[in-house]
Amino acid sequence: MKKSIRSPIDRRNPLYDSGTVKVTLFAGLVIVFSMLLIGSIVYLLTEKEAVKKLKTKDLAYIAQSITAKIDGIISRGKETSLVLARDPEVIQWVESGETDAVQGRHALERLDSLVDDFGYSNSFIVSSITSHYWGEHDKLLGTVSRSNPNDAWFYTMLAGRDPVVVNFDYNKERNNTFVFINAQLSGQTGKPTAVVGVGFSLEELSKEFATYKYSSDSSLWLIDRKGDIYLSDRPERDGQNLHAFLPAAVTDQVLGGMDKQQQVMDFVSGGGTRYDLISYPIESADWRLLVQIPRRETTGFLRTIKADTAIAILISLVSIIFLFLFVSRRLADPYKRALQLNTELEKQIALRTRELAARNDNIMDSIAYAKRIQESILPEPIQLENRFAEHFVIWKPRDIVGGDFYWLRSFPEGVMAAVGDCTGHGVPGAFMTMLAISALNQLAEERHLEDPAALLSLLNAEFKRTLHQEKREGMTDDGMDLGLVCISRDRVRFAGAGSTLYGYGGGGLQVVKGDRRSIGYRRTPFDYVYTNHELRVGDGGADRFYLTTDGFPDQNGGVKDYSFGRSRFASIIEACGSEPLAVQKLQFERELADYMGGKPQRDDIAVLALRLYPMS
Amino acid sequence: MDPFVIEATKSTPAVRFDPDSGNLQVEGQSYPENAFKFYEPIMSWIDRYLAELSRSATVTFQLELPYINTSSTKCFVMLLEKFEEAHQSGKQVAIRWICNPDNENELECADEFREDLTLPFQIITKTETE
């Protein structure tokens with residue numbers, strides 16, 4: 001089956017408009033694109049700011065805090081060691097070769113107090129005089145000797161220039177880093193005679209590291225110049241080297257920058273994770289603190305924002321589509337409203353058209369009936385055939401009925417024939433013809449065969465009386481043109497009111513103009529006298545007579561749209577007057593049709609042509 | 001008085017009355033279904049105009065009517081009678097009727113009108129320009 005071509009607008013539902021859907025979709029896409037663009041820009045800016053804040057503030061803050069903590073612990077340890085080294089009783093006890101029991105008691109109590117009351121793991125006094133190594137709780141841990149490499153620290157310390165030295169010692173067995181703070185004890189000679197100090201584990205600090213951790217995947221390390229890890233947030237990493245956890249390039253960069261104030265860098269690990277890393281110096285220990293944080297944790301909060309933004313975009317999109325649909329359907333679419341209005345109007349027009357068609361049918365039925373009446377009062381063909389050798393009638397009302405008519409009245413001694421043109425066309429014209437024919441029938445009873453002019457005068461008076469047009473001024477002014485020909489045994493007489501008689505015979509064409517005053521009009525006096533014209537008939541005279549209303553000669557047409565003209569009308573008679581009237585009728589009709597072309601008929605047309613029987 | 005102007009239609013002529021110059025023109029075919037309805041306002045304008053017209057003013061009523069139907073003819077009869085009355089009361093009015101030589105009805109029509117009137121009535125045959 002052939003697919004029918006659909007109009008762009010679905011006629012069945014004029015409210016459907018694919019344009020609205022397209023516009024809505026397009027607007028939705030534009031808005032989604034805008035939101036994504038803005039969202040991305042905001043995301044990138046926020047991420048950049050977050051990373052910047054991490055690098056410049058957060059990492060430094062963590063590093064500074066931890067550094068301060070370590071520095072504090074070590075400073076305290078240094079002070080404690082120095083205070084112990086400068087205690088007069090301790091000095092005297094050591095210098096005297098540990099002979100005074102009271103002093104020895106006091107000195108060892110001091111060691112106990114440092115462990116019991118101040119939280120150190122160890123406290124000790126190592127004398128170069130006695131080589132005794134005293135620990136807390138009155139323990140004589142042993143004696144030092146130069147030959148024992150484990151005691152090398154003591155002799156180094158004793159000979160060193162620094163009065164206080166911090167030593168770090170990673171103890172594999174205990175998996176712990178210990179800090180020993182040694183101080184020189186000097187007597188009156190000024191030469192160091194003993195090394196005293198305290199030791200403590202960094203285990204506590206390790207616990208504290210956890211509190212500084214940024215997140216579960218971040219890492220904290222304390223490293224020395226070689227990259228050995230002394231302390232980390234995860235004890236299992238203590239004692240290992242940085243190389244185990246960072247790419248070589250990053251480790252090199254960190255170890256190469258040991259003397260710098262602060263180093264911040266980022267790198268991508270072998271696993272593809274991006275990390276930010278800060279290396280911060282711990283001055284009291286010649287260490288560096290490393291803090292490593294995965295980038296995704298720094299920007300983790302943005303993932304929430306991302307999800308929220310996506311939800312916001314979705315909600316906005318749905319809202320916008322609904323809003324657009326609502327606005328376009330309900331409020332702001334003049335095109336749609338116009339279509340709606342048009343549909344309503346079309347319905348109304350269809351209704352009115354049906355009503356008008358119904359009324360028109362009624363009117364046309366009425367006029368069609370009027371036509372039957374009008375035709376019934378016109379002479380029957382048989383009447384004309386009986387009285388004339390030949391005849392033709394052209395009767396063409398412009399509308400269904402009209403103001404033109406022809407009339408015939410027979411008497412034993414003759415016949416009267418007339419062609420009339422009443423004012424108006426259509427129904428008003430037809431009204432007038434009824435009046436005219438009725439008046440003619442009445443007045444013809446008085447037999448004016450000899451005097452058609454008298455009949456016209458009577459008709460004029462009768463019309464004026466009937467139509468109340470006796471006075472010159474008035475609202476209406478109706479009447480008619482009439483040509484009346486009276487044919488008796490031996491003569492033909494004509495009288496015309498705005499009408500002309502054409503005669504044709506052996507002598508050619510005769511044109512007889514009637515009087516110009518029409519019948520019934522206000523300008524025609526009540527007692528107007530018409531003129532009789534007698535025509536020569538018989539040998540050499542006319543035997544064919546033509547009467548016409550102005551409809552035929554006034555018909556417009558031709559190149560310039562002028563009237564057909566009376567001369568042209570007369571010339572048809574001149575040209576084919578001797579032909580049978582049936583042939584002439586065809587000629588008249590053809591000439592008129594040719595002249596009219598496609599133009600509509602302008603007036604009612606009536607032409608009556610008669611040929612007399614030869615005169616006796 | 002205000003000028004009186006009606007544009008031409010298929011069945012009614014153009015009307016251009018200029019009261020100041022005294023140039024009144026009707027040009028075109030006239031066969032309206034109801035001629036009195038069309039000519040009634042024209043006649044009342046002419047009535048008022050001619051009543052106000054001073055004796056020193058000259059008025060030309062110029063007509064060019066290729067075709068007028070019977071009822072329009074009646075209206076022109078009435079119109080021309082108004083000018084005839086003005087003429088007889090001593091006002092300077094004249095008719096100028098322009099005919100096309102190819103259209104015999106025009107000339108016949110003009111001739112018939114002229115026969116009934118005494119005021120200056122000029123029939124001008126248009127020379128072909130084509």
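B:C75 is buried, its relative accessible area being 0%; buried means under 20% relative accessible area, with a 1.4 Å probe and protein chains only. B:C99 is likewise buried, at 1% relative accessibility. The sulfur closest to that of B:C99 among the cysteines belongs to B:C109, and at 8.2 Å it is too far for a bond. Over all chains there are zero disulfides, a disulfide being a pair of cysteine sulfur atoms within 2.5 Å.

This is a predicted model, in which local features need pLDDT of at least 70 and side-chain atom pairs pLDDT 80 or more, whereas totals for chains, interfaces and linings use all residues. Residues are numbered from 1 along each chain as its sequence is written, chains are lettered from A and ligands numbered from 1 in the order written, and side-chain values use heavy atoms, without hydrogens and water.

Let us turn to the interface. In chain A, 23 residues are in contact with 24 residues of chain B, contact meaning heavy atoms within 4.5 Å. Together the chains bury about 2100 Å², 38% of it on carbon and sulfur atoms; this is the accessible area (1.4 Å probe) that two parts lose on being put together, summed over both. A:R516, A:Y562 and A:R602 supply 31% of what chain A buries against chain B, more than any other three residues.

Eight salt bridges are counted between chain A and chain B, each a side-chain nitrogen of Lys or Arg within 4 Å of a carboxyl oxygen of Asp or Glu. One of them joins A:R398 to B:E33, with the closest N and O atoms 2.8 Å apart.

Note on methods. Buried means under 20% relative accessible area, exposed over 50%, partly exposed in between (1.4 Å probe, protein chains only).
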